[in-house]
Amino acid sequence: MNYRDFLQKIIYNVIDPFIDLMIKLGLTPNAITATGFIGNLFAMFLFIEAAQTTGGSDLAFQYIGWGGTVILFAGLFDMMDGRLARRGNMSSTFGALWDSTLDRYSELVTLFGICLIFLKGGDEWFTMGVITFAAMVGSIMVSYVRARAEGLQIECKVGLMQRPERVVVTAVAAIVTAFTANLWWLAGGMILIAVLANITAFWRIAHCYKELRGK
């Protein structure tokens, strides 16, 4: 059992009582997915507010910290929708499409908000805005390569920076930035995602190449 499966098992033990309650209340996985997306939209709004607030002010860092907290909270909904679908026997082909689509939107809107923070931070942070854009590209390509691989009947889950890791890195970097009032923590998180997400995308391409040669 790898570390992701181990952590997932622990989290499922914690959230299963809430999942059972959702089933009793008649909540659907698609509604939970939409709720998580709305949470990420709110996080984007907080990051935009931080970008528009006078640079270096305590209020700007508070917005960033709350944005990271909301991302973590929304991430729980991202995990609960799939668990609810399986546990409540509500899995559907459209549900899988809906979940994947809103996951991509969620990542793009939150990273877009962070990108604005750097672009509005003055010339010294412009490069970090570009790097955050690279993180956006890498995040989308990791998921895209997997989707294309699965369309070719290739299992493709290799790599270091999958969606759960990206969510945690983004959220933790934002929260630590707020506590330290130091934007370099957020910058470090974006650099980490930009590098490892794009490496993961090409790692998956190499994996698919080997699989297809084997066939």
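In which helix is the place of Thr 132? Thr 132 sits in helix H5, residues 126-151; helices here are DSSP runs of H or I, at least four residues long, numbered from the N terminus.

These legends describe a predicted model, in which local features need pLDDT of at least 70, side-chain atom pairs count only at pLDDT 80 or more, and totals for chains, interfaces and linings use all residues. Residues are numbered from 1 along each chain as its sequence is written, and side-chain values use heavy atoms, leaving out hydrogens and water.

**View 1. Thr 132 and its contacts.** Thr 132 counts as buried because its relative accessibility is 0% (buried is under 20% relative accessible area, exposed over 50%, partly exposed in between; 1.4 Å probe, protein chains only). Leaving aside residues up to four places away in sequence, Thr 132 touches Leu 111, Ile 114, Cys 115, Phe 118 and Met 190 (contact means heavy atoms within 4.5 Å).

**View 2. Asn 89, in the loop between helices H3 (58-87) and H4 (93-119).** Although Asn 89 is not a glycine, its phi is positive, at about 55°. Asn 89 counts as exposed because its relative accessibility is 70%.

**View 3. Ala 181, in the loop between helices H6 (163-180) and H7 (184-214).** Here too is a residue that is not a glycine: Ala 181 has a positive phi of about 55°. With 41% relative accessibility, Ala 181 counts as partly exposed.

**View 4. Ile 64 and its contacts.** Not counting residues up to four places away in sequence, Ile 64 touches Phe 47, Ala 50, Ile 117, Ala 174, Thr 177, Leu 183 and Leu 186.

Note on methods
Helices (H or I, at least four residues) and strands (E, at least two) are DSSP runs, numbered from the N terminus.
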